[in-house]
Amino acid sequence: MSETYYETGDLKERAIYEEGKLVSKVEFYADGRKRFELDLSDARQMEGNPEVGIGKLYWANGNIKYEWHMTGLDPIGFKKSYNRDGSLRQALYYDENNELIEQR
């Protein structure tokens, strides 16, 4: 496990590694609210695409800004973006071959 801190001593980031590879990561805003979280324990193999596994990026107000769920166990994956107020902006759905099957 690796942790980094702001100059104030508050936790900025916590990352967990197994055999030298990143497995999960959480980042925080300076006020302690979650900024980003990532779980790569069952990430799909998608070369050149950083949006694999399960991830969420948050607005500073605490609402989800962007999320994705692209795992090996789930036949349908998704990537969704949200407006600052939490309303859905766009949703993309992918099949098990990582091909786009639906866009909203």
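## Contacts, strands and loops in a predicted model

Take the contacts in the protein between residues at least 6 apart in sequence: 18% of them join residues at least 24 apart. The structure is a predicted model.

**Overall build**

The protein has 9 strands and 0 helices. Read along the sequence, the pattern is β-β-β-β-β-β-β-β-β. The C-alpha atoms fill a box of roughly 45 × 40 × 20 Å, taken along the principal axes. Of the 104 residues, 32% are buried.

Now the surface. The protein exposes about 6800 Å². Carbon and sulfur atoms supply 48% of that area. As for charge, there are 15 positive and 20 negative side chains. The centres of these two sets lie 6 Å apart.

How do strands β1 and β2 run, and how many bridges join them? They run antiparallel, and 4 bridges join them. Strand β1 covers residues 2–5, and strand β2 covers residues 11–18. Thr 4 stands opposite Glu 13 in β2. Together β1 and β2 form a hairpin, with 5 residues between the strands. Gly 9 sits in the turn and has a positive phi of about 95°.

Most residues other than glycine have a negative phi. Glu 19 has a positive value, near 50°, and is not a glycine. Asn 98 is also a residue other than glycine with a positive phi, near 65°.

Where are these residues found? Glu 19 is in the loop between β2 and β3, and β3 spans 21–28. Asn 98 is in the loop between β8 (88–94) and β9 (100–103).

Gln 45 is another loop residue, found between β4 (34–39) and β5 (53–58). The table gives relative accessibility for Gln 45, Glu 19 and Asn 98.

| Residue | Relative accessibility | Class |
|---|---|---|
| Glu 19 | 84% | exposed |
| Gln 45 | 73% | exposed |
| Asn 98 | 23% | partly exposed |

Why do the classes fall this way? Exposed means over 50% relative accessible area, and buried means under 20%. Glu 19 counts as exposed because its value is 84%. Gln 45 is exposed because its value is 73%. Asn 98, at 23%, is therefore partly exposed.

**A pair apart in sequence**

How far apart are Gln 45 and Met 70 in sequence and in space? They are 25 residues apart in sequence. In space, the C-alpha to C-alpha distance is 9.1 Å.

Notes:
Residues are numbered from 1 along each chain as its sequence is written. This is a predicted model: local features need pLDDT of at least 70, side-chain atom pairs count only at pLDDT 80 or more; totals for chains, interfaces and linings use all residues. Side-chain values use heavy atoms; hydrogens and water are left out. Two strands pair if DSSP finds at least two bridges between them. Helices (H or I, at least four residues) and strands (E, at least two) are DSSP runs, numbered from the N terminus. Buried means under 20% relative accessible area, exposed over 50%, partly exposed in between (1.4 Å probe, protein chains only). Contact means heavy atoms within 4.5 Å. Accessible areas come from the Shrake-Rupley method with a 1.4 Å probe; for residues, only the protein chains shown count as cover. Lys and Arg count as positive and Asp and Glu as negative; His and the chain ends are not counted. The place of a charge is taken as NZ of Lys, CZ of Arg, CG of Asp or CD of Glu.
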